[in-house]
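My entries follow the order in which I looked things up.

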Amino acid sequence: MATKNILIVPGDGIGQEVTAVGKKVLDAIAAKFGHTFHYDEALIGHVAIEATGEALPAESLEKMRKSDAVLFGAVGHPKYDNDPSAKVRPEQGLLKMRKELGLYANLRPIKLFDELLSASSIKPEILRGADILFFRELTGDIYFGEKGRKNDGDTAFDVAEYSRFEVERIGRKAFEAARTRKKKLCSVDKANVLETSRLWREVIQKLALEYPDVEVEHQFVDSTAMMLIKNPCRFDVVVTANLFGDILTDEASQIAGSMGMLASASIGDGTGVYEPIHGSAHDITGKGIANPLASILSAALLLDISFGMKEESELIISAVDQVLKQGFRTVDIADASTKPEQILGTDAMGAAVLKFI
Ligand code: IPM
Ligand code: MG
């Protein structure tokens, strides 16, 4: 029986709807296992800009630092997407949070629930058995290097930068994880072109000497993008830089059937942050149809990684599995065989999972 402080940070769009469901699942776990979870809430993204003028107010950051873990939703608003001149943007809140909390390792497990084999646009026989754990570096690369304009604004630049230290610490996390799985690590870079990638490869090669039990391969990002679709089962643990990881994990989400299924953990020096990999999805916001399973599975990751609550975490995953086995789907993972009465909205899907907890 443990007492923990969990900060709920729903952010924008469907982040609000799905995080509310994730929190209910945490509540049910606390009740079942006799834990006490204290909750607080904080603002980030567009809602924070509206309320305070800043995408990540100091108060939110302070609350994050003080909490034992953060359950996060999404940030973003279409009004900024078509306004390249906006100085304050929701995404800045997310990037600042990652940097300030030292969240350098983003774990994105791509696991296909068997029942969703037909929800993917990839053929079932190619998908069956796919189980990949991505380690995306999260506080470096072109995301955080110098950026700006020159030549009267007619030329723009974003600098990609990595230090040996930054590559080594994410690399180590990936090697350690590989040891607990199939002892296979694929490091993804673009070392045929980029200097940052050449440093990346050099560091991973050196680290490999410390992990002789792990089989390491180096792949270029373009061919990895191709192989993920052609033969996803050849991968186990994958480690890559920030931008490559951003792109490859959206692609890999199709292995799991939908972006709506994938959870992620961002960990590093202090408080861990757990969030769906999907965004704020303003096109479906307020309709009550968003898939809450990624937020629910993020809550499971939170319990496992930040609190060491394995049994609790596994109960959530098996509850999701049961619900899918019974044929219930949100609209994003439904297919021709789903009966109309089995298509559930956000809250009903949450309630269905709660029944198995
Ligand atoms: C993600 C998102 C973010 C990123 C955006 C919202 C800034 O796409 O978490 O993958 O690019 O990292
Ligand atoms: Mg992304």
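**Entry 1: two helices**

I worked from a predicted model. I looked up helix 11 (residues 293–307) and helix 12 (residues 310–325), and found that they pack at an angle of about 160°, with their axes 7 Å apart. Angles over 145 degrees count as roughly antiparallel, and I therefore noted helix 11 and helix 12 as roughly antiparallel to each other. The crossing of helix 11 past helix 12 is left-handed.

I then listed the residues in contact. Helix 11 contributes Leu293, Ile296, Leu297, Ala299, Ala300, Leu301, Leu303 and Asp304. From helix 12 come Lys310, Glu312, Ser313, Ile316, Ile317, Val320 and Leu324. Sorted by class, this contact has 11 nonpolar, 1 polar and 3 charged residues.

I next traced an open sheet of 10 strands, whose order is 2-1-3-12-11-4-5-10-8-9 and whose pairing is mixed. Strand 2 (36–41) and strand 9 (215–220) are the edge strands, each pairing on one side only. From one strand to the next, the twist averages 25°.

Within this sheet I examined strand 1 (residues 3–11) and strand 3 (residues 69–74), which run parallel and are joined by 5 bridges. Valine 9 has phenylalanine 72 in strand 3 as its bridge partner.

**Entry 2: helices on the sheet**

Helix 3 (residues 58–66) packs on the sheet and touches strand 1, strand 2 and strand 3. Its direction makes about 145° with that of strand 1. Helix 11 also packs on the sheet, where the strands it touches include strand 4 (105–111), strand 11 (263–267) and strand 12 (272–276). I noted an angle of about 160° between the directions of helix 11 and strand 12.

Key. Residues are numbered from 1 along each chain as its sequence is written. Chains are lettered from A and ligands numbered from 1 in the order in which they are written. This is a predicted model: local features need pLDDT of at least 70, side-chain atom pairs count only at pLDDT 80 or more; totals for chains, interfaces and linings use all residues. Side-chain values use heavy atoms; hydrogens and water are left out. Axes are lines fitted to C-alpha atoms, for helices over the stretch in contact, and angles run from 0 to 180 degrees between N-to-C directions. Helices (H or I, at least four residues) and strands (E, at least two) are DSSP runs, numbered from the N terminus. Angles under 35 degrees count as roughly parallel, over 145 as roughly antiparallel, 65 to 115 as roughly perpendicular and the rest as oblique. A crossing is left-handed if the near helix is turned anticlockwise from the far one by less than a right angle, and right-handed if clockwise. Contact means heavy atoms within 4.5 Å. Ala, Val, Leu, Ile, Met, Phe, Trp, Tyr, Cys and Pro count as nonpolar, Asp, Glu, Lys and Arg as charged, and the others, Gly among them, as polar. Two strands pair if DSSP finds at least two bridges between them.
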